[in-house]
Amino acid sequence: MIQKEILAPFHYNFDEQLVNSITKNGVLKTFEANDIIMDIDQELTHVPLLLEGNIKVFREDNNGNELLLYVLETGDTCAMSLTCCMAKSKSKIRAVADKTSTVIMIPNEKMSEWFHNNDSWRNFILQSYQIRFNEMLETIDTLAFMKMDERLFKYLIDQVKLNASTTISKTHQNIAEDLHTSRVVISRLLKQLENDNKIKLSRNKIEVLDF
């Protein structure tokens, strides 16, 4: 059984009855950085609640290229996995741990049961849909209306906010994969940002100076 204290990130959303149900039915799992938590075309039997860490959610094209849709933080769940579970369809996304992350996996049948029987769970799910929908709209707007240098700087600022640190420990290749472009383009634009005194580059680290 999961200890109630572990569910602290969700206490402001969940009532006592739901917390008790989660401690009895949830499965606690830990994933290391770059571990795949759920994959495209996978049959989903559980929905993750993120207790600690960050999870990146991707779509993939026919050539295997990935596009970052959004990043889950502590207290979040993945709306797209919820949709697939409710529809009993295969996963349309890939969820990857960005760093060591701890989740509670909720069985599909419990997710559906609580949606109909528990107001706090239903409100949490509907709020999660709205938040993820807004984030995907932001991703679409970024792709459609922003130049790559603007997308890159926004990405860096988002990383600062996400990790509460001005130092970003990612390689140029990591960033290129997240932004669906080449390492050469990212390296050139990062150097340009450094020349503009917006960032400071070092080996596998980027310090954001202007945010």
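Two strands are taken to pair if DSSP finds at least two bridges between them, and strands (E, at least two residues) and helices (H or I, at least four) are DSSP runs numbered from the N terminus. The structure is a predicted model, in which local features need pLDDT of at least 70 and side-chain atom pairs count only at pLDDT 80 or more, whereas totals for chains, interfaces and linings use all residues. Residues are numbered from 1 along each chain as its sequence is written, and side-chain values use heavy atoms, with hydrogens and water left out.

In strand 10, Glu207 is the bridge partner of Thr167. Strand 8 and strand 10 (residues 205–208) run antiparallel and are joined by two bridges. They belong to an open, antiparallel sheet of three strands in the order 8-10-9. Strand 8 (167–168) and strand 9 (199–202) are the edges of this sheet; each has a single partner strand, so one side of each is left without a neighbour in the sheet. Helix 5 (residues 148–163) lies across strand 8, strand 9 and strand 10 and runs at about 90° to strand 10; angles run from 0 to 180 degrees between N-to-C directions, and axes are lines fitted to C-alpha atoms, for helices over the stretch in contact. Helix 7 (residues 183–195) also packs on the sheet, touching strand 9 and strand 10 (contact means heavy atoms within 4.5 Å), and its direction makes about 125° with that of strand 9.

UniProt, in an unreviewed entry, lists residues 146–211 as "domain: HTH crp-type"; its positions are given in the numbering used here, feature names are shortened, and annotations may be inferred rather than shown by experiment. The span is 56% helix and 15% strand, and its end C-alpha atoms lie 18 Å apart.

A further open sheet contains three strands in the order 1-7-3, with antiparallel pairing. Its edge strands, strand 1 (27–31) and strand 3 (46–52), each pair on one side only. The twist from one strand to the next averages 35°. Six bridges connect strand 3 with strand 7 (residues 101–107) in the antiparallel sense, and Pro48 stands opposite Met105 in strand 7. Helix 3 (residues 108–117) packs on this sheet, touching strand 3 and strand 7, at about 75° to the direction of strand 7.

The axes of helix 2 (residues 79–87) and helix 4 (residues 119–145) come within 9 Å and cross at roughly 120°. Helix 2 is therefore oblique to helix 4 (angles under 35 degrees count as roughly parallel, over 145 as roughly antiparallel, 65 to 115 as roughly perpendicular and the rest as oblique). Ala79, Met80, Leu82, Thr83 and Met86 in helix 2 meet residues of helix 4 including Tyr129 and Arg132.
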